[in-house]
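Me: I would like to go through the charged pairs in a protein model. Can we take them one at a time?

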Amino acid sequence: MSENPYVSGTISTKSSAPGIIVATGNIGAELSYNNVGMFVSSDAGNSWRPIFEEEHNIWFLDKGGALIAVKQPSVPTRHLWVSFDEGRQWTQHSFSLVPLFVDGVLVEAGAENQIMTFFGHFSHRSEWQLIKIDYKSIFSRKCTEEDYQTWHLHNQGEPCVMGQKQIYMKRRPGNYCMLGKDYSRILSAESCICRAHDFE
């Protein structure tokens, strides 16, 4: 995990976006630092999908309703990628007229203030640049009950994870709606009953 709060690091997840994990890695028998790509899981790590062939920083907007991806800061860029369906499809958008070395992003959470602030520099000798993006307009409406689905946390089909069975309310992937302040993510959490293999 990254200790820098302004970049996502090699593994990124948020407690407010149940089940979604974004990670840097590679396919193979061992971890390699060559040919590293980006992968996403929608089911808390039980299965993974490749999303980018190069390293990106990825941020969560509106409790996982949108994912924002920007290439690592070694190369300047004018573009960001947005996904509304937990990383299944991505669309490219321009956020600057001049390519920017993106050193980090500050995401301000809140129901009334949806602002992302990109900070970086245009060249190695230039001063700091700040670019603010109001992303409220990408969500056309507030979520209703029809926009949610129940999601059961599990480990390879086993519903008991760390002593609890947990059921979440989760926004349906691809629904362009904004969650409200009163969004409650855990629907139920109950302790698991001990079974024979729990004893020795």
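Me: Which residue forms a salt bridge with Arg141?
Reply: The model is a predicted one. A salt bridge needs a side-chain nitrogen of Lys or Arg within 4 Å of a carboxyl oxygen of Asp or Glu. For Arg141, the closest N and O atoms of the pair are 2.7 Å apart, and the partner is Asp147.

Me: Is Asp147 buried or exposed?
Reply: Buried means under 20% relative accessible area. Asp147 has 4% relative accessibility, so Asp147 counts as buried.

Me: Which residue forms a salt bridge with Arg88?
Reply: Arg88 counts as partly exposed at 44% relative accessibility. The closest N and O atoms are 3.6 Å apart, and the partner is Glu86.

Me: How many residues apart in sequence are the parts that Arg171 and Asp62 tie together?
Reply: Arg171 and Asp62 form a salt bridge, with the closest N and O atoms 2.8 Å apart. Arg171 lies in strand E14 (residues 164-171), while Asp62 lies in the loop between strand E5 (56-61) and strand E6 (66-71). The pair therefore ties together parts whose separation in sequence is 109 residues.

Me: Are Arg171 and Asp62 buried or exposed?
Reply: The cut-off for buried is under 20% relative accessible area. Arg171 falls in that class, and Asp62 does too: both are buried.

Me: How many salt bridges does the structure hold?
Reply: The pairs discussed include Arg171 with Asp62 and Arg141 with Asp147. The number of salt bridges in the structure is six.

Methods. Residues are numbered from 1 along each chain as its sequence is written. This is a predicted model: local features need pLDDT of at least 70, side-chain atom pairs count only at pLDDT 80 or more; totals for chains, interfaces and linings use all residues. Side-chain values use heavy atoms; hydrogens and water are left out. Helices (H or I, at least four residues) and strands (E, at least two) are DSSP runs, numbered from the N terminus. Buried means under 20% relative accessible area, exposed over 50%, partly exposed in between (1.4 Å probe, protein chains only).
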